[in-house]
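Here is a short report on a model and how its parts pack. Look over the sequence and the structure first.

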Amino acid sequence: MHASRTLPVPYFTQPTGTTCQGTVLKMMASYLDALDSSSGAGGNSAVDIKKSINSDAGRPVTNVTNSHANMRWWLEKNYPRYTFE
């Protein structure tokens, strides 16, 4: 039997019907900010995060909306100490 862990990740509701990915990243970022407040990316709105992963000029995937690679890029850009899969 494996022990499970529950991380103290804050919960946020989606502000719109199309901001699931931005909301999930906001929750992850808020958790990471509690561990290491150097980024502060958790203070971004879910809408702004969604815009960044879908329209920022530096994103790796430009032809797909809500690309997993873009979500990973956003996290690694804001939290360079960590590696995300």
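Contact here means heavy atoms within 4.5 Å. On that basis, and leaving aside neighbours within four places in sequence, Thr23 is in contact with Phe12, Thr13, Gln14, Pro15 and Ala46. The model is predicted.

**Thr23 and helix H1**

Thr23 is found in helix H1. Buried means under 20% relative accessible area. Thr23 counts as buried because its relative accessibility is 3%. Its side chain also reaches the backbone oxygen of Thr19, at 2.8 Å.

Tyr31 lies in helix H1 too. With a relative accessible area of 17%, Tyr31 is buried. Residues up to four places away in sequence aside, Tyr31 touches Leu7, Pro8, Val9 and Pro10. Tyr31 and Ser45 are 14 residues apart in sequence; C-alpha to C-alpha, they are 15 Å apart in space.

**H1 against H2**

How do the axes of H1 and H2 cross? They come within 8 Å and cross at roughly 110 degrees. Angles of 65 to 115 degrees count as roughly perpendicular, so H1 is roughly perpendicular to H2. By class, the contact of H1 with H2 has four nonpolar, four polar and two charged residues. On the H1 side are Gln21, Gly22, Thr23, Leu25 and Lys26. They meet Ala46, Ile49, Lys50, Ile53 and Asn54 in H2.

Helix H2 covers residues 46-55, and its buried residues are Ala46, Ile49, Ser52, Ile53 and Asn54. What covers them includes helix H1 (20-35) and helix H3 (68-78).

In H3, the buried residues are Asn70, Met71, Trp73, Trp74 and Leu75. They pack against H1 and H2. At the start of H3, a side-chain oxygen of Ser67 reaches to within 3.1 Å of the backbone nitrogen of Ala69.

Which residues of the largest nonpolar core touch the most other members? The core has 13 residues, and the answer is Leu25, Trp74, Leu75 and Tyr79. H1, H2 and H3 each supply at least two residues of this core. Leu25 touches Ile49, Ile53, Met71, Trp74 and Leu75, with residues up to four places away in sequence not counted.

**The loops**

Gly43 lies in the loop between H1 and H2. Its relative accessible area is 64%, so Gly43 is exposed. Beyond its neighbours within four places in sequence, Gly43 is in contact with Lys26 and Asp33. Gly43 and Pro60 are 17 residues apart in sequence and 23 Å apart in space, C-alpha to C-alpha.

Asn66 sits in the loop between H2 and H3. Its relative accessibility is 31%, so Asn66 counts as partly exposed. Most residues other than glycine have a negative phi. Asn66 is not a glycine, yet its phi is positive, at about 60 degrees.

| Residue | Relative accessibility | Class |
|---|---|---|
| Thr23 | 3% | buried |
| Tyr31 | 17% | buried |
| Asn66 | 31% | partly exposed |
| Gly43 | 64% | exposed |

Key: Residues are numbered from 1 along each chain as its sequence is written. This is a predicted model: local features need pLDDT of at least 70, side-chain atom pairs count only at pLDDT 80 or more; totals for chains, interfaces and linings use all residues. Side-chain values use heavy atoms; hydrogens and water are left out. Buried means under 20% relative accessible area, exposed over 50%, partly exposed in between (1.4 Å probe, protein chains only). Helices (H or I, at least four residues) and strands (E, at least two) are DSSP runs, numbered from the N terminus. A nonpolar core is a set of buried Ala, Val, Leu, Ile, Met, Phe, Trp, Tyr and Cys residues joined through side-chain atoms within 4.5 Å. A polar contact is a pair of N or O atoms within 3.5 Å; within protein, one must be able to donate a hydrogen and the other to accept it, and residues adjacent in sequence count only if both atoms are side-chain atoms. Axes are lines fitted to C-alpha atoms, for helices over the stretch in contact, and angles run from 0 to 180 degrees between N-to-C directions. Angles under 35 degrees count as roughly parallel, over 145 as roughly antiparallel, 65 to 115 as roughly perpendicular and the rest as oblique. Ala, Val, Leu, Ile, Met, Phe, Trp, Tyr, Cys and Pro count as nonpolar, Asp, Glu, Lys and Arg as charged, and the others, Gly among them, as polar.
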